[in-house]
Amino acid sequence: MNILNSSITFCFALAKFQAEINRRLDARLGGIGFNECIILYYLSQAENEKMRRIDLAEKIGLTASGITRLLLPMEKIGLVKRESNKLDARVSYVVLAPGGKNILSEALERLEIFCEDFIPAQKTKKVEEFSKLLAELGKNF
C-alpha cells in the first residue's frame, strides 16, 4: 500500500471537494450549472461585457475546446452571443447577452444564500486565507 504525502492528499481532497461543490451548486443555481455561472460572472466583469474565447478559457482554467463545448449550449439559449472581430477574422468574442445578465443575477443571489448556509460565519477568516493560498498556488501554473 502506498502512503501519500501531504501534497497529494491535499490535491485529492481538493478534487473531491470541487466535485461535490459543483454537484450541489449545479442543482441550486436556477437552471444553469456552476461552470456557466462562473463564465457569466467573468463576462459581466470584463470591459464591454465581452472577452476573447481564449482569454475566457484561460481565466477559468479550461482549454479552448473545453470553453467552446460550454459556450455552444449557452449561445443556443441566449445567455451569451458570439461577436466577430472586425479587424481580425480569426478572433471571436463571447459577449454577455441580456438573458445571461438576468440569469446571472438570479444565480448570484442563490449562490450567496448557499454559501452563507454552507460556510459558517466563524470560518470566514480561514476561508479568506485558503482563498489566498489557492491564488498563490495557482500562480505556479
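Let's start with a question: among contacts in the chain between residues at least 6 apart in sequence, what percentage join residues at least 24 apart? It's 51%, where contact means heavy atoms within 4.5 Å.

Before we go on, a word on where this comes from. This is a predicted model, so local features need pLDDT of at least 70 and side-chain atom pairs count only at pLDDT 80 or more, while totals for chains, interfaces and linings use all residues. Residues are numbered from 1 along each chain as its sequence is written, and side-chain values use heavy atoms, with hydrogens and water left out.

Okay, the overall picture. You're looking at six helices and three strands; helices (H or I, at least four residues) and strands (E, at least two) are DSSP runs, numbered from the N terminus. If you read along the sequence, the order goes α-α-β-α-α-β-β-α-α. Taken along the principal axes, the C-alpha atoms fill a box of roughly 55 × 30 × 25 Å.

What about the surface? The accessible surface of the chain is about 10200 Å², and 55% of that belongs to carbon and sulfur atoms. Those areas come from the Shrake-Rupley method with a 1.4 Å probe, and for residues, only the protein chains shown count as cover. Of the 141 residues in the chain, 26% are buried. Buried means under 20% relative accessible area, exposed means over 50%, and partly exposed is in between (1.4 Å probe, protein chains only).

Now for some individual residues. Alanine 107 sits in helix H5, and I'd call alanine 107 buried because its relative accessible area is 0%. Skipping neighbours within four places in sequence, alanine 107 is in contact with Leu29, Ile32 and Cys37.

You'll find serine 84 in strand S2, residues 80–84, and serine 84 counts as exposed because its relative accessibility is 54%. Not counting residues up to four places away in sequence, serine 84 touches Val91, Ser92 and Tyr93. Then compare serine 84 with glutamate 116: they're 32 residues apart in sequence, and 40 Å apart in space, C-alpha to C-alpha.

On to charges. Lys and Arg count as positive, Asp and Glu as negative, and His and the chain ends aren't counted. The chain has 21 positive and 18 negative side chains, and the centres of the two sets lie 4 Å apart. For the place of a charge, we take NZ of Lys, CZ of Arg, CG of Asp or CD of Glu.

How many salt bridges are there? The count comes to seven, with a salt bridge being a side-chain nitrogen of Lys or Arg within 4 Å of a carboxyl oxygen of Asp or Glu. One of them pairs glutamate 49 with lysine 101, with the closest N and O atoms 2.9 Å apart. That pair links distant parts of the chain, 52 residues apart: glutamate 49 is in the loop between H2 and strand S1 (50–52), and lysine 101 is in helix H5. Glutamate 49 is partly exposed, at 23% relative accessibility, and lysine 101 is partly exposed too, at 38%.

Another salt bridge joins arginine 52 and aspartate 55, at 2.8 Å between the closest N and O atoms. Arginine 82 and glutamate 75 form one as well, at 3.1 Å. There's also a network: Glu20, Arg23 and Arg24 are joined by salt bridges that share partners.

Glutamate 36 is buried yet has no salt bridge, and the nearest side chain of opposite charge, arginine 69, is 11 Å away. Leaving out neighbours within four places in sequence, glutamate 36 is in contact with Leu70 and Met74.

Last stop: which residues form a negative surface patch? They're Glu106, Glu109, Glu112, Glu116 and Asp117. Patches are made of residues with over 30% relative accessible area and no salt bridge; like charges are joined within 9 Å, and nonpolar side chains (Val, Leu, Ile, Met, Phe, Trp, Tyr) within 5 Å. Aspartate 117 belongs to helix H5, residues 98–118, and aspartate 117 is exposed, with a relative accessible area of 64%.
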